[in-house]
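Please look over the sequence and the model shown here, then read on.

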Amino acid sequence: MFRILIASALVSGALAGAASAGEWTRTTTGPNGGTTTTHVDRNCVPGSCSFNSTTTGPNGGVLSRSGSSHRTAPGQWSYERSGTGVAGRKWKRSGSVRFKR
């Protein structure tokens, strides 16, 4: 489900038509006062989007993620994602999404 949400977010940015970029940082404070900071940098052009993000947790652990999506045909998109977890574990995911009208 999470993959679908991320893929949909990337694809929706790519569907926007005009080139766009966005960068934002969000800091949240948990119930025990610890803070988590996430920084995201996104870039989209018609038919393609990419992003990089870094999240630093309250204990200093860092989660890095990146991904992209590309239109492969009308209504069809492919996506790739990769990341490195707090403990250094690396992962990769890829797939495709087809939108029906």
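## Strands β5 and β6

The model is predicted. In it, strand β5, residues 76-84, is joined to β6 by nine bridges. The two strands run antiparallel.

Strands of a sheet pair through backbone hydrogen bonds, in either a parallel or an antiparallel way. Here six strands make up an open sheet, with antiparallel pairing and the order β1-β2-β3-β4-β5-β6. Its edge strands are β1 (20-29) and β6 (90-98), each of which pairs on one side only. On average, and with direction ignored, neighbouring strands of the sheet are turned by 10 degrees against each other.

## Ser48 in strand β3

Strand β3 covers residues 48-56, and Ser48 belongs to this strand. Is Ser48 buried or exposed? Ser48 counts as buried because its relative accessible area is 19%, and the cut-off for buried is under 20%.

The side chain of Ser48 also has a polar contact. At 3.5 Å, this side chain reaches the backbone oxygen of Ser69.

## Aromatic rings

How many aromatic pairs does the model contain? The count is zero.

A ring does take part in a contact with a charge, at Trp91. The charged end of Arg93 sits over the ring of Trp91, and the distance to the ring centre is 4.8 Å.

How values were computed:
Residues are numbered from 1 along each chain as its sequence is written. This is a predicted model: local features need pLDDT of at least 70, side-chain atom pairs count only at pLDDT 80 or more; totals for chains, interfaces and linings use all residues. Side-chain values use heavy atoms; hydrogens and water are left out. Rings of Phe, Tyr and Trp (its six-membered ring) pair if their centres lie within 6.5 Å; planes under 30 degrees apart count as stacked, over 60 as edge-to-face and the rest as tilted. A charge sits over a ring if NZ of Lys or CZ of Arg is within 6 Å of the ring centre and within 35 degrees of the ring normal. Helices (H or I, at least four residues) and strands (E, at least two) are DSSP runs, numbered from the N terminus. Buried means under 20% relative accessible area, exposed over 50%, partly exposed in between (1.4 Å probe, protein chains only). A polar contact is a pair of N or O atoms within 3.5 Å; within protein, one must be able to donate a hydrogen and the other to accept it, and residues adjacent in sequence count only if both atoms are side-chain atoms. Two strands pair if DSSP finds at least two bridges between them. Axes are lines fitted to C-alpha atoms, for helices over the stretch in contact, and angles run from 0 to 180 degrees between N-to-C directions.
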